[in-house]
Amino acid sequence: MTKGQFPTAKFQDMQTPFYYYDTELLRETLRAINSEAQKHDGFCVHYAVKANANPRILRIIREAGLGADCVSGGEIEASVKAGFPSTKIVYAGVGKSDWEINLGLDNDIFCFNVESIPELEVINGLAAAKGKVARVAFRLNPNVGAHTHANITTGLAENKFGIDMRDMLKVIEEAQGMANVKVVGLHFHIGSQILDMGDFEALCNRVNDLQLELERHQIRVDHINVGGGLGVDYQHPNRVSIPDFKSYFDTYAKKLKLRPGQTLHFELGRAVVAQCGSLITRTLYIKEGSVKKFAIVDAGFTDLIRPALYQAYHKIENLSSEEEPDTYDVVGPICESTDVFAKQIDLNCTHRGDLLAIRSAGAYGEIMASQYNCRRLPTGYMSDEI
Ligand SMILES: *Cc1c(COP(=O)(O)O)cnc(C)c1O
């Protein structure tokens, strides 16, 4: 949506800051995902719940038929509550607690993505206590770098995630000796905000090599899960509001050699929800320093932490002004110097009371909100409810 499409008049009387979700764009994005993924046999798309677990958002995504990718017991609960069938829930994470594993077992989830042998032993024991067999996939660290921010690469040998791929056979053989786990897949996830299809291609090549190695030992898994990571265009949320799902799925279709009957699973988070969300904030003060002007707004990093955490860029628009642009640092009220949304950006001349939209904030925004400084958590509103 462009600046003119925000219901700015309706926003006037609303308590700021708040998240505003364009449900039409979300639905359009989901249609694009389904139509591109369904061109390829055996492709199953899960939504990475950690990107945004707002119940209304989850419900829309579930209605589109996606599965859920969870990284905690709380996310499993949120997914079940939103109506995701347990046969479409996968659960990953380096530190699964016993209660979280038990929750997954009680719900008969599709698969545990296991990140270590000690974890496998615990799952086997807890499943035995319930007289169940847990389906597991091993999360392997493919040692594939991604061209993205260093804090959000996950597939390098130095990262804490996954099992060293050189140990693949050893861990599978170990699992085969356990009565209450069944190895059904291999799992990977190389990072986030990836726009270079070459990175996904590198992962495909790695998976192909690993599958050959498995075959040499007469091992065949039912599914391959390549995680998520597809990025969005933070610079141009209006022009590129839907990510290039065609190139993404086509890359995997072309490069990853699936065996007959194998399914290929994806776990997309950011690409599903980032562009449909904006953080709407009100300008409190314009403060003229000796070298720059600050637009001080009522949202802070407690509402949207990505700029403070990763130096992430979010496009900002003044919804209330069409005046000649001026240059501002847009900052929040939190007592930390990192509470800055943008430095030296052009905004239409901004005054106290003006509403600003911080764009592409639907992923890793509302869900990461905190109450530091005893602040209130922001509310999320859907475009079809206000
Ligand atoms: C975070 C995460 C995802 C989703 O990543 P996006 O970059 O938001 O697509 C998928 N799988 C796992 C295991 C994750 O931890």
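1. Some ground rules. The model is predicted, so local features need pLDDT of at least 70 and side-chain atom pairs count only at pLDDT 80 or more, while totals for chains, interfaces and linings use all residues. Residues are numbered from 1 along each chain as its sequence is written, and side-chain values use heavy atoms, with hydrogens and water left out.

2. Start with the ligand. There are 14 residues around it, and K50, S192, E267, R270 and Y364 come nearest; a residue is near a molecule if one of its heavy atoms lies within 4 Å of it. The shell splits into 3 nonpolar, 6 polar and 5 charged residues. Here Ala, Val, Leu, Ile, Met, Phe, Trp, Tyr, Cys and Pro count as nonpolar, Asp, Glu, Lys and Arg as charged, and the others, Gly among them, as polar.

3. Now look at individual atoms. On Y364, a polar side-chain atom sits 2.6 Å from a ligand oxygen. G229 uses its backbone instead, with an N or O atom 2.9 Å from an oxygen atom of the ligand. For D69, a polar side-chain atom is 3.3 Å from a ligand nitrogen. The ligand exposes 390 Å² when taken alone, and the protein buries 95% of that (Shrake-Rupley areas with a 1.4 Å probe; for residues, only the protein chains shown count as cover).

4. Y234 deserves a look. You'll find Y234 in the loop between β9 (223-225) and α9 (245-255); helices (H or I, at least four residues) and strands (E, at least two) are DSSP runs numbered from the N terminus. Is Y234 buried or exposed? It counts as buried because its relative accessibility is 6%, with buried meaning under 20%, exposed over 50% and partly exposed in between (1.4 Å probe, protein chains only).

5. Who does Y234 meet? Setting aside residues up to four places away in sequence, Y234 touches Q193, R270, A274, R306, Y313, H314, K315 and S360, where contact means heavy atoms within 4.5 Å. Q193 is 41 residues away in sequence, with a C-alpha to C-alpha separation of 9.9 Å. The side chains of Y234 and R270 make a polar contact at 2.7 Å; that term means a pair of N or O atoms within 3.5 Å, and within protein one must be able to donate a hydrogen and the other to accept it, with residues adjacent in sequence counting only if both atoms are side-chain atoms.

6. H187 is another buried residue, at 1% relative accessibility. H187 belongs to strand β8 (residues 181-187). Beyond neighbours within four places in sequence, its contacts include A92, N113, F138, R139, N225 and E267.

7. Next, helix α7 (residues 168-176). Which of its residues are buried? They are M168, L169, V171, I172 and A175. These lie on the same side of α7 because they cover an arc of only 165° around the axis, taken from the directions from the helix axis to the C-beta atoms. The buried residues of α7 pack against α6 (117-129), β6 (134-141), β7 (163-164), β8 and α8 (197-216).

8. Finally, some backbone details to check by eye. The peptide bond from T16 to P17 is cis, with omega near -5°, and P17 is in the loop between α1 (8-11) and β1 (18-21). D108 is not a glycine, although its phi is positive at about 50°; at 42% relative accessibility, D108 is partly exposed. Q344, in strand β15 (residues 340-348), has a positive phi near 50°.
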